[in-house]
Amino acid sequence: MTKTLVCSIPPWDISKPPLSGGILCAVCKKLGQNVTAVDLQVNLNKYLKSCDLPVDLLDDALYNFTHEFTPQQEKVLTNFISIEGKKIISGGYDYIIISLFSVLGQKFATKLLKYLSGKTYANRIIGGAGITAPSFDYRNSYGATLKKNNLIDCYITGEAEEALPMYFKVGQGPGINNKEFAQLDHLDQYAFPDYSCYDLNDYLSDTDESVELAIIGSRGCVRSCTFCDVVKTSPKYRFRSGNNIAKEIINHYETYGVTKFYFADSLVNGSDKMFNDMCNTLANYKFHEPISWKGQYILRNRKSVPKNHFELLKSSGCSELFVGIESGCDRIREEIGKKFTNDDIEFYLENFSKFDVKVLFLFFSGYVSETIKDHEETLRMFSRWQKYVATGTITGIETLNILMILPGSPLETVSKNSHFHFLENVDGSVNNLYWTNPDNPSLNFKERVRRHLEMIDEAIKYKWPIWNGELTLDLLYNSMLEYKQLSDKSNNKSNNNRIKIISID
Amino acid sequence: MPIKFSIELTAKYCNSWPWLQITNNNVVIYDNEIKETQSISLNITGGVLKLIGIKKNNDTQLSADNKIIQDKLLRVDKIVIDDIDMGIEFIRHLKFNNELGTEVSFLNTTFYENGEITINLQEPILSWIIEEKFIKLLSTYGDDKRMYSSVFSKFKYSVLHEKIKNLRNLIK
């Protein structure tokens, strides 16, 4: 029987087992393979604890491309990879499937793959969101770079449910060692994620009564927000039927006793029908203990919200929603393509508060056309909705994103049509973070950082909880350093050009 | 601006009902016995609010073998300030001072003996509520250790201020 290892790479929030791991296990088991799973984030935490070291010892260097490892970090990581690598090699697997959840895992994955190189006969496959992003060499995608360097046998882009069996069978096809993956249709036909290869106790904290499992009910998004590139990876919005999703939740509850669920979708309520069916089925199922779920959610115009919507949300087990409000300014939100206003947000907040549904706001500052007046309107949001922080309805803001003109996003087209100016990286490639819009020239990167800081200041003044605040500021700091460096380079270049022009004249 | 204050209580009878006195900056604003379950709503001002629970010494009935068979109690079930429910954890973490001056946490949210709990209300009231209800309680519980990194804390304002200062220096 074919022996397969599904290996998840850090970083990963270990409050739940990896969804991608569950999906990969289900795909391989359906093919009759003997599957083992390992979550290296869980093992890394255990290893660090066993060495009496803090669990975040490696974080700053491991998940930051510009930070070097200290000698202690290097030693700890090398030891850990050697221990895990030996276990993997001695497993005698036919296939090793590496699941890379995020670009932040690239450093770890590279070290592991280098360790395994030449020591295993297994076919090494890598997939996940972290492989399509640029690699450390900026030119190729990470997956292609690994393949070029013979560190893997195959990389899979897009969704694995079809591509992986195809690779096992014929070794090639859409999404196999190329970016041209096929989107899945009819999502109800695929098996539910299988977590039987994981020890769910690894994901329980001292205070938790139940582990949390991730669910994915849809792929893609119904909106086409200008800054977002989901349309590139999932051009078409596809969703499972509400009953099928509810069935999966009920299956996990009955099989593993799990009562907490997290939707990994871009949005949980893209289709009203699917969402209502799911909520109704969950609300009517006789769970012996209450279940709860969280997920990303879109707001709509208040007039389109059905009367019993919030009651249904609550009775289905909804506990917290993550909402991209993006800006506190209606004009900017309209331009982004969000179809709701501050008054709509107020309406939702009143009802979330009434039915005890919590909400986390996601937003950023410095949209391409944002004026100082728009920015000030955003700042007013913090006093306006402070009462919902006090009630506990607003659980926080997340301002991690600094607006980048993502390839494939609608903003990329805008930037081309409006002749945005971009700074160049050291290797001459375009840096999508350091843009300037000629129609709004005062909003350069420095000004965007200034506004971002003002926004965080205002959030602190009104005591809003800030998720990832430290990480956001670290990213801003590193980016600001890089911006200065690239600006200097750009200025020198134009000075040189000027000197040349002068000399020619 | 007056602050709206309301409290929900449950009383247990023994010989008589327990008594509650509420003072706001040393002025008595409520002074009465509490029967069964009761809700009291008052307008108050910022400053010191004291809830004084009173029962008499002979208000516990014991059996021949010294077991409590009936006791007078006063339980605080809910405190709402400016229409915002402060939550049970806020009540549990209030400090209870008995007549002898011993201070303990009000973990059972119940006056088992004579004593008082003090709430120091500060304005702006919404910021004070957030501080009391979330920030102080989170510092009691510590960071959520499940996350793979400590950067997920939500209220590390002093750390954020420092980082903001560094960034401002950089963009000067």
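This is a predicted model: local features need pLDDT of at least 70, side-chain atom pairs count only at pLDDT 80 or more; totals for chains, interfaces and linings use all residues.
Chain A contains an open sheet of five strands, in which the strands follow the order β2-β1-β3-β4-β5 and pair in parallel. At the edges of this sheet stand β2 (34-39) and β5 (154-156) of chain A, each with a single partner strand, so that one side of each is left without a neighbour in the sheet. From one strand to the next, the twist averages 20°. Within the sheet, strand β3 (residues 95-99) of chain A pairs with strand β4 (residues 123-127) of chain A in the parallel sense over five bridges, and A:Ser99 has A:Gly127 of β4(A) as its bridge partner.

An open sheet of seven strands is also present in chain A, with the order β6-β9-β10-β11-β12-β13-β16 and with parallel pairing. Here the edge positions are taken by β6 and β16 of chain A, each of which has a single partner strand, so one side of each is left without a neighbour in the sheet. Strands β12 (residues 358-363) and β13 (residues 394-398) of chain A are paired in the parallel sense over four bridges; the bridge partner of A:Leu360 in β13(A) is A:Gly396.

An antiparallel pairing is found between strand β14 (residues 421-424) and strand β15 (residues 430-436) of chain A, which are joined over three bridges. In this pairing A:His421 stands opposite A:Thr436 of β15(A). The hairpin formed by β14(A) and β15(A) has five residues between the strands, and in this hairpin A:Gly428 takes a positive phi near 95°.

Most residues other than glycine have a negative phi, and most peptide bonds are trans. A:Asn150, although not a glycine, has a positive phi of about 55°, and this residue is found in the loop between α6 (142-148) and β5 of chain A. A cis peptide bond with omega of about 0° joins A:Pro10 and A:Pro11, of which A:Pro11 is found in the loop between β1 (3-8) and α1 (19-30) of chain A. In chain B, a cis peptide bond joins B:Glu123 and B:Pro124, with omega of about 5°, and B:Pro124 lies in the loop between β13 (115-121) and α2 (125-141) of chain B.

Over all chains, the structure holds 39 salt bridges. One of the salt bridges is formed by the side chains of A:Asp194 and A:Lys29, with an N to O distance of 3.5 Å. Because A:Asp194 lies in the loop between α7 (160-170) and β6 (212-215) of chain A, whereas A:Lys29 belongs to helix α1 of chain A, the pair ties together parts that are 165 residues apart in sequence.

At the interface between the two chains, 47 residues of chain A are in contact with 32 residues of chain B. The area buried between chain A and chain B is about 3,600 Å², and carbon and sulfur atoms give 65% of this area. A:Ala390, A:Lys463 and A:Glu470 together supply 19% of the area that chain A buries against chain B, which is more than any other three residues.

Between chain A and chain B, the count of residue pairs in polar contact is 12, with both residues at pLDDT 80 or more, and the count of salt bridges is four. B:Arg168 forms a salt bridge with A:Asp457, in which the closest N and O atoms are 2.8 Å apart. On the side of chain A that touches chain B, the elements giving two or more residues are α15 (386-390), α17 (445-461), β16 (466-467) and α18 (469-504) of chain A. The residues of this side of chain A divide into 23 nonpolar, nine polar and 15 charged.

How values were computed: Residues are numbered from 1 along each chain as its sequence is written. Chains are lettered from A and ligands numbered from 1 in the order in which they are written. Side-chain values use heavy atoms; hydrogens and water are left out. Contact means heavy atoms within 4.5 Å. Buried area is the accessible area (1.4 Å probe) that two parts lose on being put together, summed over both. A polar contact is a pair of N or O atoms within 3.5 Å; within protein, one must be able to donate a hydrogen and the other to accept it, and residues adjacent in sequence count only if both atoms are side-chain atoms. Ala, Val, Leu, Ile, Met, Phe, Trp, Tyr, Cys and Pro count as nonpolar, Asp, Glu, Lys and Arg as charged, and the others, Gly among them, as polar. Two strands pair if DSSP finds at least two bridges between them. Axes are lines fitted to C-alpha atoms, for helices over the stretch in contact, and angles run from 0 to 180 degrees between N-to-C directions.
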